[in-house]
Amino acid sequence: MNKSDKLRLAEKFKTDKRLWLYAIAVIVVALLIALPRIVSPYLCSVVFLMFIYIAYAEAWNIMTGFTGYINFGFSVFAGIGGYASAILIIDHGIWWPVGWLLGGVFASIGALILGSFMLRLRGSYFAIGMLCLLLAAPVLATTEYLIPLTHGGYGFQFVQPVSDLTMYYSAFFISAATVFVAYKIITSSFGAKLLAIREDEEGAGSIGINTTKEKISAFAISGFFAGLAASVFFAFQNYIDPSSAFSAWYNSLPIIMVLLGGIGTLWGPVVGAVIMTFVEEFFWSVLPETYFMACGAVIVLLVLLLPGGIITWFKSRGILPRTRAI
Amino acid sequence: MMISVDRDEEGRLKDGKNVLEVQNVTKEFGSLVALNNVSIWIEEGKITGLIGPNGAGKTTLFNVITGQFRADKGKVFFRGKDITKLKPYQIARRGIGRTWQVIRIFPNMTVLENLMTAANLRERNAGEKALELLELAGLVAEKDSYAGELSTGQQKFLELVRILMFDADVMLLDEVAAGINPTEQLAALELIHNLCDQKGKTFFIVEHDMDVIMGHCDKVICLNFGEKIAEGTPKEVQNNEKVIRVYFGA
């Protein structure tokens, strides 16, 4: 690089604020990649969890934030993905990356099938319907028909297929991929159609939007990333059984994170997931008995103080630009 | 009315040449007959007005044509094809666009995004097309504003050009001139005439402002209590006894 090139670069840095953002992004990414070599395995496992939560929250946001259809059955797809990958890897000896990927694919197919009739319900009926599915899922997993597949209440105790380090990087990649796909969606005309459904579904139909098809597509994409992230998550947990796969807590977490960070925004779920990871971890270590309650109190406070979520708050005050890319 | 070779005795173009035809449509809501055996036809490239007192069934007729309601009896044809049972989005894609009595833009989306919602996913130059349409509507400067922040007049323009985004040929406008100032009204009418004359778009408009109807429509249809009571040139309808009775009670 010669002198004039450097000068031009410096000039560009001054004029283009976005370059600063890119620089910060590069530093953050480099730091996250180097993290396992710097900090303790414990902290690494917290950051691993953060990646999973980011993917969960963004996946939930792709469906609910963009189309406005409140999905109270997120864990159904996480559970399908977790089970599918466990069955494929443990019982069928499928190579782990393929098993994880297929976990996402199966969750996506599940979303496609369930979505094609659940999404004919609107508003609160859809929300209640999904909640019922979530309650039905663990029962279904322990029926005699599915026990050969799911091993019933025992579930799977798996010997981890890969090292913690590989899982850390996989989770990192999956969370980045989820955010990237969400970015691609929200800045495209497909994303505009999803937002149109959220704003006014009948109006959207009158301008040629096949609302059923677009909703199901969003649901399937959301399900894919839920299942993919869950595959890695349950591999890290080292076991999966009906109550952990379809757990109410992991069903609520993404919802809380998205509401905290800013529903329907691209970076809201990421911000919410990062904050909630550390809030949850902090309370869990300080108040092991009452940490659900403590988390609940924090959520109530934040929702009261920041009703639209953090990103929305910043946008409405003009601190952040009001673009879909944020 | 002049009867030429390719028209039937009612003045209707023969052989399905009318771009839009409603045949004997009846729509009931419980005991209320909103539309009673209504037949109308719309010619391509013309502006047709629809008038009638409140509750006459004007908006119901629009809803039946665009598939929001399904007719209990009768059929709707678009370019000779039966569209009675199609879903609203399918009818829109065939080329029938509509606006609503109460504006239905997407308030929490930007003006540009509002247009992009109506873009065909396969369209390559959707962005450029959207900007051209915004130019037409005089909204280029507002493209990144939230649609909900626009004035009523601007919102009506936005709703109008959004239909053009998916290349609708027939545009059903529900009270386009209501609630906007006279300058905007003139601009809207000019836009409608331009689209009609230069691009061959067909308009079917519900309107309460008689100056708009009488001054700008090629044909006027009058509904009352779900029945068609008059049809013809603005002048004919203006002098029709039934219409006078409905409007003035004389």
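Guide: **Helix packing and pockets**

In this predicted model, helix α3 (residues 41–67) of chain A packs against helix α8 (residues 164–186) of chain A at an angle of about 25°, and their axes are 9 Å apart. Angles under 35 degrees count as roughly parallel, so α3(A) is roughly parallel to α8(A). The crossing in which α3(A) passes α8(A) is left-handed.

On the α3(A) side, the residues that meet α8(A) are A:Cys44, A:Val47, A:Phe48, A:Phe51, A:Ile52, A:Ile54, A:Ala55, A:Glu58, A:Ala59, A:Ile62 and A:Phe66. Facing them from α8(A) are A:Met167, A:Tyr168, A:Ala171, A:Phe172, A:Ile174, A:Ser175, A:Thr178, A:Val179, A:Ala182, A:Ile185 and A:Ile186. By class, this contact of α3(A) with α8(A) has 19 nonpolar residues, two polar and one charged.

Helix α3(A) also has a contact with α2(A): the two axes come within 10 Å and cross at roughly 145°. Here α2(A) contributes A:Leu32, A:Leu35 and A:Pro36, while α3(A) contributes A:Cys44, A:Val47 and A:Phe51. The six residues of the contact of α2(A) with α3(A) are nonpolar, with no polar and no charged residues. A:Cys44, A:Val47 and A:Phe51 of α3(A) are also among the residues that meet α8(A).

At least two lining residues come from each of α2 (17–38), α3, α8 and α14 (268–286) of chain A. Helix α2(A) gives the largest share of that lining, with ten residues. In the lining of the largest pocket, 25 residues are nonpolar, two are polar and two are charged.

The second largest pocket has a volume of about 570 Å³. Its lining has 22 residues, and the closest to its centre are A:Ile80, A:Tyr83, A:Leu140, A:Leu146 and A:Phe246. Helices α4 (74–91), α5 (96–118), α6 (123–141) and α7 (147–150) of chain A supply at least two residues each to this lining. The largest share, seven residues, comes from α4(A). The lining of the second largest pocket divides into 18 nonpolar and four polar residues, with no charged ones.

Helix α5 (residues 152–165) of chain B and helix α6 (residues 182–199) of chain B pack at about 10°, with axes 10 Å apart. The pair α5(B) and α6(B) is therefore roughly parallel as well. Their contact involves B:Gly153, B:Gln154, B:Phe157, B:Leu160 and B:Leu164 of α5(B), and B:Glu184, B:Ala187, B:Ala188, B:Leu191 and B:Leu195 of α6(B). Seven residues in the contact of α5(B) with α6(B) are nonpolar, two are polar and one is charged.

Definitions and conventions: Residues numbered from 1 in each chain as written. Chains lettered and ligands numbered in written order. Predicted model: local features only at pLDDT ≥ 70, side-chain atom pairs only at ≥ 80, totals over all residues. Heavy atoms only, no water. Axes fitted to C-alpha atoms, helices over the stretch in contact; angles between N-to-C directions. Helix = DSSP H or I, 4+ residues; strand = E, 2+ residues; numbered from the N terminus. Parallel < 35°, antiparallel > 145°, perpendicular 65-115°, else oblique. Left-handed = near helix turned anticlockwise from the far one by under 90°. Contact = heavy atoms within 4.5 Å. Nonpolar A, V, L, I, M, F, W, Y, C, P; charged D, E, K, R; others polar. 1 Å grid on protein atoms, 1.4 Å probe; cavity = no way out; pocket = protein on both sides within 12 Å on 5 of 7 lines; lining within 4 Å. Points joined across faces, edges and corners; volume = space filled by probe spheres on them.
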